[in-house]
Amino acid sequence: MVHIPDFRGFRIRPVAVSPATRAYVCRVIPGRQQARLSERIDRVCAARSDAKTLRLRVLDEIRHVVEFDSYAWLLTDPSSAVGCDPLADVPCLSELPTLIRFKYLTDVNRWTVLSVDGPAARSLVERTGGDLSLSLVWRELLGGYGIADVASIVFADRFGCWGFLDLWRGNGADPFDRAEIDYLSGIAPRLTDALRSRQAMTFSRPAVSQRHDLGPVVLLLDDDLNVISQTAATQEWLDVLVPQGPEQPAIPASVYNAAGQLLAREQGVDAHEAFARVHLAEGFWVTLRAARLGAADATGHATIAVTIEESSPLDRLEMFVRSFGLSPRERELMNLLATGSDTRDLARRLFLSEHTVQDHLKSIFAKTSSRNRNTLLSKALGARHEARTH
């Protein structure tokens, strides 16, 4: 039985917002100290830890420079930028679906905008000129929790969007200043590489398939992201994969994220597809997809259906080539390898010599720590070694 608590959603515990009398002191950090802090971040990124441990350690390092009251750090599907595998400490556990819904419907400092439009980090106060009500999520929710500013950071590179982080400050605190935002922007590229490498680590072994006998998993939600129904197998499937723990939401936050992205597409906030691929354990990935189901109800909206299923070989393959940072030619080669092409056929279809094909294969083997084609394809597509025991 696999126990992956992060799949259920935010690891959230209620926290007190800073007292109104407290203010942050602007830190002026000498160059030598900045270099030491940078080295500490580098050491954390270089350590062989999983994505959750990496994020927790990075947050501890960030606190040496940038103070904050609460945070939400999500990994994202690199293609769709839909959030998954959340790590958070926020004061609004009871309103998690509402928080996710308004986060996805807010275009101010949206992570998909930051990834293509300027620096990797921005503060809400700076972006709105001090009028925080321009942010839908602040106007509808965060303002009621006394949040005075939010620093948003995106982790994206040419291979995709790998995550985003929001740092919250409470009432009575100074807004994030330019030096703090510059620091967060400065460390973003290193953290992006580290997050991508953590996703690559999940392909270190062939996948172990999980409980196909439990049947399809479908959850039905309304437009406020309230779960209104689910298939009979859903809860049993989730209990097998992710046993319940104290203070864990009953529904994986990834379900709300996929549905939130569907709403964002429908309202023209963001054009990415409403799906996400999530790693659970032992090389096993699942894919969540959100879509409208049937005719509209009395409110004029059709029910949102979110499905959860084992990721297909093609879904895994795309995650694999992105996570390992394969070049366009190497991606093309991997796609052909997945069809069973041999070296001669690869050379013919790519208009390359067999020697050049072998050179590309050696590069792929080195990047993915694979010994041969069989090992490479079993990692990428999810097939198990015949000799694997259970």
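1. Strands (E, at least two residues) and helices (H or I, at least four) are DSSP runs, numbered from the N terminus.

2. This is a predicted model, in which local features need pLDDT of at least 70, side-chain atom pairs count only at pLDDT 80 or more, and totals for chains, interfaces and linings use all residues. Residues are numbered from 1 along each chain as its sequence is written, and side-chain values use heavy atoms, with hydrogens and water left out.

3. Between S6 and S7, which form a hairpin, there are 5 residues. Leu225, in the turn, has a positive phi of about 65°. Leu221 stands opposite Val227 in S7.

4. The open sheet has 5 strands in the order S7-S6-S10-S9-S8, with antiparallel pairing. Its edge strands are S7 (227-230) and S8 (275-281), each pairing on one side only. In general, strands of a sheet pair through backbone hydrogen bonds.

5. Strand S6 (residues 217-221) also pairs with strand S10 (residues 303-310), in the antiparallel sense over 5 bridges. Val218 has Thr307 in S10 as its bridge partner.

6. Ser363 belongs to helix H13 (residues 354-368). Ser363 is partly exposed, because its relative accessible area is 25%; buried means under 20%, exposed over 50% and partly exposed in between (1.4 Å probe, protein chains only). The C-alpha atoms of Ser363 and Ser327 are separated by 9.9 Å, and these residues lie 36 residues apart along the chain.

Conventions:
Pairing = 2+ DSSP bridges.
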